[in-house]
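Hi,

Here is the structure I promised to pass on. Have a look at it first, and then read my notes below.

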Amino acid sequence: MTASTRNGVTRLRRQGEGLDRALPYLLLAPALLLVLAVVVYPLYDGFRTSTQFWRFGRALEDVGLDNYRQAWNDPQFRSSLWVTLRFVFFSVACETVLGLGLALLCARELRFIRWARTALIVPMVITPVVVGIVFRLLYASDTGLLSTVSQSLGGGQVQVLSDPSRAFVGLVALDVWEWTPLMFLILLAGIQSLPVEPFEAARVDGAGAWRTFLDHTLPMLRPVLIVAIVLRTIDAFTTFDQVYVLTHGGPGTSTELISIYGFDTFFKFQQFGYAAAMLLMVALVVMAVSFLAARLIRRQATA
Amino acid sequence: MNDNYLPEEHALSRRTILQRALAIGGLAVAAPLLAACGSSGDSSTPTSTPSTGTPVGSGPTGSGKVIIGGFEDGAMAPFKDKIVPLFKEKTGIDIELLLEPYDSFKAKALQDGQSKAGQFDVYIMDDPWVPEFAAAGYLADLGAAGITADPDFSAPFIELGYWPPQNGPRVKGFESATPALVALPTIGDLQTLTYRNDVFTNGAPKTWDDLVTTATAAQKAGKIKYGYVFRGVKGNPIVTSWYPIFLSFGGVFFDDKWNPTFNSAEGKASADFFVSNLKAIAPAGVAEFDSDQEGAAILGGEAAAIIQYSGNAIKSDDPAQSKEVGKLDFGVVPAKTKALAQIGIFIHGVSSNAPNKDNAMTFMRWFATLEAQVALAQAGDLPVLNAAFTDPTAVAAHRLLPVALDQIKSGAQARPRMPDWGKVEDIIGTELNKALVAGKGGGAALDAAAVQVKAALTDLKYY
């Protein structure tokens, strides 16, 4: 081997060692860049925007945390946050109970159960805007299905969308109809993955269905249940399309979720800084909920 | 064979392949990004030189297209059917008309202006949008392209094309600016009364009291289901319905310093009348009614009267849409102290970042000609030139025209010329909607709204 060939080989080896060291970072780079581009930068830009006063489509001055203070003192923001929290609580609670009940029912190998399982997931695959339109047609006081049925039975028109309390209930009902299938699917998968031995032992010991559910099914299903609730809670916080089509937040502010108020503030009123501050505050609430839920899951796993 | 013995330039190791693959991959990713970054110099860039466009009346000598964005409305149907092909025939330029729902188009157009994307050449706007778009610099100065306002434009319409406004209060930052022509009226829309001639047998009711009295009697006699119908949904719909009542009672929205004055005694009386007297003769669920439902009530023969814009009024004579053809007539809106309607014209401006600015300017010039305006009126829309309102061929084809002209003479006012009217309207509309649901408390609703409007305008540094 000549000296020049030896030098060439040594250089190649050195290059190779360098590349070996850099390779993990190079392979990670695309994913990292993607995360930076679609998560970190928007968050940074959103935060920067939230500290600016915007008028006429441009940032006029830096105002520090004034937009956050303004949001906190804005009755409409507080009202929409309260409506959102109530909406999330009632929707997720109903969906959990119904989803669990349906999952328990469909976990058994009964006749027509496959058909029922398929039918149950249909609402989830319909576009939210379409769901909003369908429910608007259902609830409309003049020509809606509910009013038509009520009048054919001798009753009067059913006022859902023109009454604040009923409109809120109607919105929760829409969400429950659409998203119970998601809870059902997750919980059904959870139930079907449970070990059979504890249930057989309980049956041998003479435990009834309710006792078996409380002592075995529910404790073993709890981690899955928490995951399902967390996922649905995060999703419910961002509900927009259906409300936009169904009520646009009305009557009054009875169904004005924070997503609707944020959208109007940003796109209709062009108050970019203020809208960014509001929505970042909501993001913090959602992150706090998720963080608490994640800790709960970890504690369950280690218990 | 040992790789070590290959000549260096021929060695193709796993690492070399990886290096080259990374380089090629990097180039593949970077190329479109670089191309996108460098695209600011291509044909989509707005030209900074004054545009003149194809001379109007020179025949079909133009080419290319003009992208016009607008919002869906009944009044856009004649524009689409008649004006779009006529413009092509006269100038040789294609119109690409992109229509979307009202809120959706506004959001998209504002985004287009803010991002300078150049998605549209011409925005067809609702007139309250002009201050918002113009203050942000999204509209080109038409004067710089040599376009001036034709003296035959209806005076209350052309005033809306200037920013800052030539008359009335101005927002901070524009107090001393010279008004520039940034938009031209497209469709001269304004509210008029549509009523059932078998209920109001003596013609259009002259006052609000006449309307309520006659409609109530007709309801009691079983001649009609509802005496009056309107839009009660929060925000723009309910405020639009209440507006002519507010004006006719003598209400004024702001003083010269932008302090809210809409909760004056006159304003409160109009709101109380609206949420109680008018609700009493309207459908029970009117608080959820929007255009589709109020339209169904009047065209379906359930309601005796409605105040609406021309795009919906012209449906009265269309057997495909109305069950009551021949029973619906038009009139000036009822009065309390005055018979005033809301102006809600369609108005179009050229985007500051229009990719086809020359063609856009050609459209602006052509559409302001009497020929185009008469064609628009014949097709069923309200024109914007005075001469087109009285053109015999147009009047023969469009019986709403003389009534609209009467309404302009009687009085018609545009909404306050401020960039934040949307926010103000949202606040008033929400409070009025609450009162409408309750069927009382219209005056108190305006008091509550005034406090919120004052706070909102303070945050926006109006004072």
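How much of chain B counts as buried? Of its 463 residues, the share is 54%. Bear in mind that this is a predicted model, so everything below is computed from predicted coordinates. Chain B has 17 helices and 12 strands. If you take the contacts in chain B between residues at least 6 apart in sequence, 76% of them join residues at least 24 apart.

B:Glu294 is buried but has no salt bridge. The nearest side chain of opposite charge belongs to B:Arg231, 4.0 Å away. Apart from neighbours within four places in sequence, B:Glu294 is in contact with B:Val229, B:Phe230, B:Arg231, B:Phe289 and B:Ile306.

The cavities

Rolling a probe the size of a water molecule over the atoms shows where empty space is left. How many cavities of 30 Å³ or more turned up? The count is 3.

The largest cavity has a volume of about 110 Å³. Its lining is made up of 14 residues, and those nearest the centre are A:Phe56, A:Gly57, A:Phe269, A:Gln270 and B:Glu132. Sorted by class, this lining has 8 nonpolar, 3 polar and 3 charged residues.

The second largest cavity holds about 70 Å³ of space. Three elements of chain A each give two or more residues to its lining: strand S1 (52-55), helix H2 (66-73) and helix H13 (272-302). S1(A) gives the most, with 3 residues. The lining residues from chain A include A:Gln52, A:Phe53, A:Trp54 and A:Tyr274, while B:Asp459 and B:Leu460 come from chain B. By class, there are 4 nonpolar, 5 polar and 1 charged residues in the lining of this second cavity.

Cheers

Conventions. Residues are numbered from 1 along each chain as its sequence is written. Chains are lettered from A and ligands numbered from 1 in the order in which they are written. This is a predicted model: local features need pLDDT of at least 70, side-chain atom pairs count only at pLDDT 80 or more; totals for chains, interfaces and linings use all residues. Side-chain values use heavy atoms; hydrogens and water are left out. Buried means under 20% relative accessible area, exposed over 50%, partly exposed in between (1.4 Å probe, protein chains only). Lys and Arg count as positive and Asp and Glu as negative; His and the chain ends are not counted. Contact means heavy atoms within 4.5 Å. On a 1 Å grid over the protein atoms alone, a cavity is a set of points where a 1.4 Å probe fits but cannot get out, and a pocket is an open set with protein on both sides within 12 Å along at least five of seven lines; lining residues have an atom within 4 Å of a point. Grid points are joined across faces, edges and corners, and a volume is the space filled by probe spheres set on the points. Ala, Val, Leu, Ile, Met, Phe, Trp, Tyr, Cys and Pro count as nonpolar, Asp, Glu, Lys and Arg as charged, and the others, Gly among them, as polar. Helices (H or I, at least four residues) and strands (E, at least two) are DSSP runs, numbered from the N terminus.
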